[in-house]
Amino acid sequence: MHNDIKEILITEEEIAAKCKEIGQQLTKEYEGRFPLAIGVLKGALPFMSDVLREIETYLEMDFMDVSSYGGTNMKSSGEVKILKDLNTKVEGRDLLIIEDIIDSGLTLSYLVDLFKYRKANSVKIVTLLDKPTGRTANIKADIVGFEVPDEFVVGYGLDYDEKYRNLPYIGVLKPEVYGGEE
Ligand code: XMP
Ligand code: MG
């Protein structure tokens, strides 16, 4: 285990089993269709890569990169700025948004509204992690891998100060690493 990690919440094996299960569910769901899978950079990258390889229907991939204005490293401010938009037209398409974690829900709520405005045919959300205690926006994922407690988690795409995204598991940082920042 990495020296900055206090505790592993979800192991590599648990994540792999969950990706398989979600992939089977999505294969049924999108059978005979051609959904557009949209990864939210950068956090969703490992999950997107693993879960999409468990889906056996045709699909297309694209990416968005968004950041929130004026938030801290650990909390979203709610005002979303698009750093990289899609290359694909979403009008009439079935969209599957892939996220690492839903906390306040503000990021996803912005994206869902944007895609509806752009006339997507349907918008579904799959998130690896859900932190329901953090929610301020009225948004719910269609598929949730794991619920996590109200603790800052890192690994498997999730960062603190751009570090730890490459860890193969989800863990909790030792408090001294982030100096108690809120
Ligand atoms: P909202 O609050 O808009 O935020 O749902 C989602 C984004 O906030 C980040 N986030 C975290 N990142 N560990 C992280 O590494 C966490 O515990 C955490 N909680 C929220 C993340 O970027 C996510 O996309
Ligand atoms: Mg992030």
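Me: Let's start with Lys42, which sits in the loop between E2 and H2. What makes the peptide bond joining Leu41 and Lys42 a cis one?

Reply: Its omega, which is about -10 degrees in this predicted model. Most peptide bonds are trans, so this one is worth a look on your screen.

Me: Let me step back. How many helices and strands are there in the chain?

Reply: There are 4 helices and 9 strands. Going along the sequence, they come in the pattern β-α-β-α-β-β-β-α-β-β-β-β-α.

Me: Why can the chain be called as compact as a globular protein of its length?

Reply: Put the two values side by side. The radius of gyration is 16 Å, and the globule rule gives 16 Å for 182 residues, so the chain is as compact as a globular protein of that length. For the outline, the C-alpha trace spans about 50 × 35 × 25 Å along its principal axes. Buried residues make up 32% of the 182.

Me: And what share of the contacts joins residues at least 24 apart in sequence?

Reply: Counting contacts between residues at least 6 apart, the share is 66%.

Me: On to the sheet. Which strands form it, and in what order?

Reply: The sheet is open and has 6 strands in the order E4-E3-E2-E5-E6-E7, with mixed pairing.

Me: What makes E4 and E7 edge strands?

Reply: Count partners. Strand E4 (80-84) and E7 each have a single partner strand, so one side of each is left without a neighbour in the sheet. From one strand to the next, the twist averages 25 degrees.

Me: How do you know that E6 and E7 count as a pair?

Reply: The cut-off is at least two bridges between the strands. Strand E6 (residues 122-130) and E7 are joined by 4, so they pass, and they run parallel. One bridge to look for is Leu129 with its partner Phe146 in E7.

Me: What lies across those two strands?

Reply: Helix H1 (residues 12-29) lies across E6 and E7, and runs at about 165 degrees to E7. Helix H3 (residues 106-117) packs on the sheet too, touching strand E3 (60-68), E4, strand E5 (94-102) and E6. The direction of H3 makes about 170 degrees with that of E5.

Me: What makes the phi values of Tyr156 and Glu162 stand out?

Reply: Most residues other than glycine have a negative phi. Tyr156 has a phi near 50 degrees, and that of Glu162 is near 70 degrees. Tyr156 is in the loop between E8 and strand E9 (170-173), and Glu162 is found in the loop between E8 and E9 as well.

Me: Why is Tyr156 called buried, and why is Glu162 called exposed?

Reply: Buried takes 20 or more other C-beta atoms within 10 Å, and exposed takes 12 or fewer. Tyr156 has 24, so it is buried. Glu162 has 8, so it counts as exposed.

Me: Why is Pro149 called exposed?

Reply: Pro149 has 10 other C-beta atoms within 10 Å, and the limit is 12 or fewer, so it qualifies as exposed. Its place is the loop between strand E7 (143-147) and strand E8 (153-154). Pro149 and Asp85 are 31 Å apart, C-alpha to C-alpha, and 64 residues apart in sequence.

Me: Last one: what confidence scores does the model have?

Reply: The chain averages a pLDDT of 93, and 93% of the residues score at least 70. The model scores ipTM 0.91 and pTM 0.93.

Key
Residues numbered from 1 in each chain as written. Chains lettered and ligands numbered in written order. Predicted model: local features only at pLDDT ≥ 70, side-chain atom pairs only at ≥ 80, totals over all residues. Rg over C-alpha atoms; globule rule 2.2 N^0.38 Å. Contact = placed C-beta atoms within 7 Å. Axes fitted to C-alpha atoms, helices over the stretch in contact; angles between N-to-C directions. pLDDT = per-residue confidence, 0-100.
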